[in-house]
Amino acid sequence: MSWSKSRSDKGRRAYHHGNLPDELVRAALELIAEKGPSGFTMAEAARAAGVSPAAPYRHFRDREDLMAEVARRGFDRLAEALETAWEDGTPNPVSAFERVGRAYLKFARENPADYAVMFEAGLPSDTSPELSRANEKAFSVLRRASEILCQEAPADQRPPALMVSLHIWSVSHGIAALFSRGDAARRKLPMAPEELLEAAILIYLRGLGIRI
């Protein structure tokens, strides 16, 4: 399995100056794109960054600590993308919610290595407080959007917003994992993944009695 369509930089850069944690994160992502989230060692990351095998340990306790930082940065970027797509629910919550779904799929497609670390590397959610906060930040966009959407349902059958956000996240993640990846694991689909997600969301919201 490949986690990227192609590698634009086949060579290894030499590290001369700058921020070493950034260099190590970039090196890790290159290796993940080539070998998958569990297919490289800390020594390989150091070599890819052009530093000695001992240098990464000045900033990261171990390989899992480096992976947690890769995942944290990914969740921060995902949260930013979802927040931008939500745009305070304008012009209406339903269309804004659909934009959030499309943004989720786009992130998975354009950042397959990041996405693999975030969801497929087996990192415990409590690996670090920073990772937990970044994860929650991304999910909170979906939860806030669900809270607003649920106000559109009849008062006597209004569903719990947390349940709705978890359902929509599950559907979005499933479609992203199967049909909207940017790597060789993507399944073929006779329609755009965005169309599949939009249809699923609309059917789900109608089932809840939410006005479309």
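The following dialogue explains how to read several features of this predicted model.

Colleague: On what basis are residues numbered and values computed here?

Modeller: Residues are numbered from 1 along each chain as its sequence is written, and side-chain values use heavy atoms, with hydrogens and water left out. As the model is predicted, local features need pLDDT of at least 70 and side-chain atom pairs count only at pLDDT 80 or more, while totals for chains, interfaces and linings use all residues.

Colleague: How far does helix α6 reach from its first C-alpha to its last?

Modeller: Helices are DSSP runs of H or I with at least four residues, numbered from the N terminus. The expected span is 1.5 Å times one less than the number of residues. Helix α6 (residues 129–150) has 22 residues and reaches 30 Å, close to the expected 32 Å.

Colleague: Where does α6 bend?

Modeller: A bend is the angle between axes fitted to the seven residues ending at a residue and the seven starting there. In α6, the bend is about 30 degrees, at F139.

Colleague: Which helices do the buried residues of α6 pack against?

Modeller: Buried means under 20% relative accessible area, exposed over 50%, and partly exposed in between, with a 1.4 Å probe and protein chains only. Contact means heavy atoms within 4.5 Å. The buried residues of α6 include L131, F139 and C150, and the buried residues of this helix pack against α3 (63–86), α4 (93–110), α7 and α8 (193–207).

Colleague: Which residues touch the most other members of the largest nonpolar core?

Modeller: Such a core is a set of buried Ala, Val, Leu, Ile, Met, Phe, Trp, Tyr and Cys residues joined through side-chain atoms within 4.5 Å. Among the 64 residues of the largest one, these are L66, L78 and F97. Helix α3 gives the most to this core, with eleven residues.

Colleague: How are aromatic pairs described?

Modeller: One states the distance of the ring centres and the angle of the planes. Rings of Phe, Tyr and Trp (its six-membered ring) pair if their centres lie within 6.5 Å; planes under 30 degrees apart are stacked, over 60 edge-to-face, and the rest tilted. The count here is four aromatic pairs. Y104 and Y115 have ring centres 6.1 Å apart and planes at 90 degrees, so this pair is edge-to-face. Y104 lies in helix α4 and Y115 in helix α5. The rings of Y115 and F119, with centres 4.7 Å apart and planes at 50 degrees, form a tilted pair.

Colleague: Is Y115 buried or exposed?

Modeller: Y115 is buried, at 3% relative accessibility, whereas F119 is partly exposed at 24%.

Conventions
Helices (H or I, at least four residues) and strands (E, at least two) are DSSP runs, numbered from the N terminus.
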